[in-house]
Amino acid sequence: MNGDELLRLDGVSVQYGRGETSVTALSGVDLTVSRGELVAVMGASGSGKSTLLTVAGGLRQPTSGEVVVEGHWLSQLSPRQVATLRRRSLGFVFQDFNLIPSLTALENVSLPLELDGFPSRRARRPALDALAVVELQGKGDRYPADLSGGQQQRVAIARAVVGGRSLILADEPTGALDSSTGEIVLRMLRGRVDAGAGGILVTHDARHAAWADRIVFLRDGRIVDQSEPAPIATLFEGADR
Ligand SMILES: Nc1ncnc2c1ncn2[C@@H]1O[C@H](COP(=O)(O)OP(=O)(O)OP(=O)(O)O)[C@@H](O)[C@H]1O
């Protein structure tokens with residue numbers, strides 16, 4: 001493993017169910033994500049994108065193959081150790097933000113640290129720092145309902161990276177946002193990756209994938225192509241025609 005590698009999938013296959021009704025959602029997927037790298041995953045509905053994220057995040061064990069997160073082989077850890085690694089190393093960002101409505105923005109961002117045993121007064125400083133990074137300083141006492149969709153997603157990004165967690169797994173993070181708000185959220189995600197995190201960005205939108213260093217295309221659970229994105233300017237020129 002190289003020292004900058006955050007995630008490696010080696011020959012990962014996932015099958016749902018057994019027998020005649022079983023579905024092969026992923027088949028022999030190899031993928032690495034290093035520090036400073038954002039990898040976009042594209043593919044038609046049902047091609048296995050969400051399954052790839054759940055396996056990468058240790059939420060589901062592959063049927064075969066290995067998942068290695070920051071040098072830890074998940075197959076060799078107990079469920080409890082996987083849960084600890086997930087809390088300390090991984091952050092998830094979902095299409096529908098998944099913030100807890102009864103907690104303020106600051107409390108939402110603090111939560112992963114508190115779940116990891118930090119007393120709330122010690123979680124406060126890193127949570128404030130994480131909110132500042134997504135340019136939401138001063139909004140920590142707002143509840144999700146008092147924030148715009150884009151602001152809520154920025155809170156979710158702060159929650160994903162709070163306390164130095166380094167691998168961001170984002171499933172259609174711009175799916176519920178208008179395009180200019182979506183671009184702001186992606187700029188923030190890109191900024192976190194440039195600051196030393198790594199990330200997977202599942203998206204249907206080629207313009208959003210252009211924020212990534214690499215685009216991986218899934219079809220029927222297999223990686224069928226990898227490319228570098230076209231420069232963002234080219235995509236916008238195309239859209240104007
Ligand atoms: N819990 C499950 N049980 C059975 N089959 C499943 C389950 N989850 C997903 N699948 C199947 O696995 C395949 C891959 O699904 P997955 O949700 O990973 O694709 P996706 O590319 O994320 O799709 P979408 O873009 O619609 O979210 C599909 O055929 C889907 O029907």
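Guide: Let us begin with a convention: Ala, Val, Leu, Ile, Met, Phe, Trp, Tyr, Cys and Pro count as nonpolar, Asp, Glu, Lys and Arg count as charged, and the others, with Gly among them, count as polar. Please keep in mind also that this is a predicted model.

Visitor: By class, which residues does the shell around the ligand have?

Guide: The shell has eight polar residues, three nonpolar residues and one charged residue. The residues that surround the ligand are Tyr16, Gly17, Val23, Ala25, Gly43, Ser45, Gly46, Ser47, Gly48, Lys49, Ser50 and Thr51.

Visitor: How many bridges join S1 to S2?

Guide: Strand S1, residues 5-16, is joined to S2 by eight bridges, and the two run antiparallel.

Visitor: In which sense does strand S3 run relative to strand S9, parallel or antiparallel?

Guide: Strand S3 (residues 38-43) and strand S9 (residues 214-219) run parallel and are joined by five bridges. Val39 stands opposite Arg214 in S9.

Visitor: What do S9 and S10 form?

Guide: They form a hairpin, with two residues between the strands. Strand S10 covers residues 222-227, and S9 pairs with S10 in the antiparallel sense over five bridges. Arg219 stands opposite Arg222 in S10. In the turn, Asp220 has a positive phi of about 50°.

Visitor: Where else is a positive phi found, and where does Asn98 lie?

Guide: Asn98 is not a glycine, yet it has a positive phi of about 55°. Asn98 lies in the loop between strand S6 (90-94) and helix H3 (105-115). Glu172, also a residue other than glycine, has a positive phi near 50°. Glu172 is found in the loop between strand S7 (167-171) and helix H6 (179-194).

Visitor: Is Glu172 buried or exposed?

Guide: The reasoning rests on a count of C-beta atoms: 20 or more others within 10 Å make a residue buried, 12 or fewer make it exposed, and a count in between makes it partly exposed. Glu172 has 20 other C-beta atoms within 10 Å, and therefore is buried. Asn98 has 14 within 10 Å, so Asn98 is partly exposed.

Visitor: How does Phe118 count, and with which residues is Phe118 in contact?

Guide: Phe118 has 16 C-beta neighbours inside 10 Å and so counts as partly exposed. Phe118 lies in the loop between H3 and helix H4 (120-133). Leaving aside neighbours within four places in sequence, Phe118 is in contact with Leu113 and Ala123.

Visitor: What mean pLDDT does the protein have?

Guide: The mean pLDDT is 91, and 94% of the residues reach 70 or more. For the complex, the predictor gives an ipTM of 0.97 and a pTM of 0.89.

Note on methods. Residues numbered from 1 in each chain as written. Predicted model: local features only at pLDDT ≥ 70, side-chain atom pairs only at ≥ 80, totals over all residues. Pairing = 2+ DSSP bridges. Helix = DSSP H or I, 4+ residues; strand = E, 2+ residues; numbered from the N terminus. Near = placed C-beta within 6 Å. Contact = placed C-beta atoms within 7 Å. pLDDT = per-residue confidence, 0-100.
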